[in-house]
Amino acid sequence: MATTDWTADSNEALVLSLVRAQEDKQVLGDNGSYEEFHPSFTYPIYGEDEKIYGYQDLVIDLRFASGSLAQFLSVRYAEKLVASSTVDDVEGILKQYIPPGYETDEEAFLTCVETDATSFIPIGRRIHSYTRPASGSSTLGDIEYEVYHATFDDPGFKEYHRRMQIFILLYIEAGSYINEEEDGWEFVMLFEKRKRKNETAIYHFMGYSSLYNFYCFPENVRMRLSQFVTLPPYQRRGHGSELYKAIYHYIMTHPAISELSVEDPAEAFEDLRDRNDLQMLLANEQFMKEGFGTGGVTASHGGGRVQKAKSHIRSTPMGVSGGMKRPGKMGPPVDKAWFEKWRKDLKLASRQFHRLVEMLIMLHLDPADARSARAFRLQVKERIYRLNFEILAQLEKEERLEKLEETFQSVQEDYTRLLAMVR
């Protein structure tokens, strides 16, 4: 006789929904669903194994009003083990991570959704907006999206943050709640904005990023991007890039902020950041012109490719300009003073700007130019060596050189992958 399995996968059991008012659902038709999706992680809540014991056909129904994020929680199951100390208290565990006052009555929650839909407006100051065509429909026109900046000093934001912070645990590996009593936290939130027939604006939460500012001598602050999440119904549509660009633009327009850094980025976010930073640099005509020299850059890739010199061109006599090309500051090797000047102007962290410059040099490198190829290789290896000095210094010279070459090849492969995304 088969034994009954009383263990449930907490990632599968937890079902999340962003619930819209009925009128707002009707506009969507078949073009999108924002309900019944699952988290990527639940181990911060239900333990490392992400298992819940004591139930059959367990469903943890956690819903949010799509704008205000008012919450509803219901735990359902086909059967539960008789009282036992080994049976997990599903709701008791989860409610430690969401604010009190959540609804458990479905009708009351749906009433709240209808009310909040027209009364909720984002907290803070709008810092960016953009539009996109409605997915799969030519009759709905463009959809507006808005980005808002807020801090705990904004009335009502501390309570709103408590409702949205659970997405950090559910979608960022090793994510954790911040200490809201610490000074220095800032937040940037992304919303979808739709208008009803009567022109009432309805806002739907899409994701957010938390930023922390550190003092930077003598009178500036360094901004660290700490957490960044876009919810699954909005992923793979370019909204994460828009949120990141809004953050970067905010940093650039505030003179007191000297630099944007990122705390332990996940691979997916690092790719998003690299793509957007590369596109920003390629579109910066002055930067590209200085980097690769006058006459050495064409318009491809937004100011991209270096033209190869032709050996049959006659030398220009002394004292005659003849439109000669002037070498660029990117070398290789890159001009260090020029590099540091642009890094500070663009407010990028040192490691990130080094990587971006290396990618751009690699993009324009002539494979037939052995001298430049060697200079590029040495430039990258020098950075790798400085970054990993304590480990590499302990190795014998031959092994150290072997490790450096191995890492250089790996870096090149990754740069090739990233550059293919922006061409």
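The largest nonpolar core of this predicted model has 106 residues, and I60, Y160 and M164 have the most contacts inside it. A nonpolar core here is a set of buried Ala, Val, Leu, Ile, Met, Phe, Trp, Tyr and Cys residues joined through side-chain atoms within 4.5 Å. Buried means under 20% relative accessible area, exposed over 50%, and partly exposed in between, with a 1.4 Å probe and protein chains only. Helix α12 gives the most to this core, with 8 residues. M164 touches L69, F157, F187, M189, F205 and Y208, leaving aside residues up to four places away in sequence; contact means heavy atoms within 4.5 Å. There is also a second, separate core of 6 residues, which includes V19, A70, F72 and V113. In soluble globular proteins, nonpolar side chains tend to be buried together.

Residues are numbered from 1 along each chain as its sequence is written, and side-chain values use heavy atoms, with hydrogens and water left out. Because the model is predicted, local features need pLDDT of at least 70 and side-chain atom pairs count only at pLDDT 80 or more, while totals for chains, interfaces and linings use all residues.

Taken as a whole, the protein chain comes to 15 helices and 13 strands. Helices (H or I, at least four residues) and strands (E, at least two) are DSSP runs, numbered from the N terminus. Of its 423 residues, 45% count as buried. Among contacts with a separation of 6 or more, 67% come from residues 24 or more positions apart.

Now to an open sheet: 3 strands form it in the order β2-β5-β6, with mixed pairing. Two strands pair if DSSP finds at least two bridges between them. The edge strands, each pairing on one side only, are β2 (14-19) and β6 (71-76). Strand β5 (residues 59-65) runs antiparallel to β6 and is joined to it by 6 bridges; V59 stands opposite R76 in β6. The hairpin of β5 and β6 has 5 residues between the strands, and there L69 takes a positive phi near 65 degrees. Helix α5 (residues 106-119) lies across β2, β5 and β6.

The table gathers two angles that involve helices. Axes are lines fitted to C-alpha atoms, for helices over the stretch in contact, and angles run from 0 to 180 degrees between N-to-C directions.

| Pair | Angle |
|---|---|
| α5 and β5 | about 25 degrees |
| α12 and α15 | roughly 80 degrees |

The axes of helix α12 (residues 350-364) and helix α15 (residues 397-422) come within 10 Å. These two helices are therefore roughly perpendicular to each other, the term for angles of 65 to 115 degrees. R355, E358, M359, M362 and L363 of α12 meet Q412, D414, Y415, T416, L418 and L419 of α15.

Finally, F339 lies in helix α11 (residues 336-346). F339 counts as buried because its relative accessibility is 4%. Beyond residues up to four places away in sequence, F339 touches V334, S350, F353, H354 and V357. F339 and F353 are 14 residues apart in sequence and 8.6 Å apart in space, C-alpha to C-alpha.

Methods
Angles under 35 degrees count as roughly parallel, over 145 as roughly antiparallel, 65 to 115 as roughly perpendicular and the rest as oblique.
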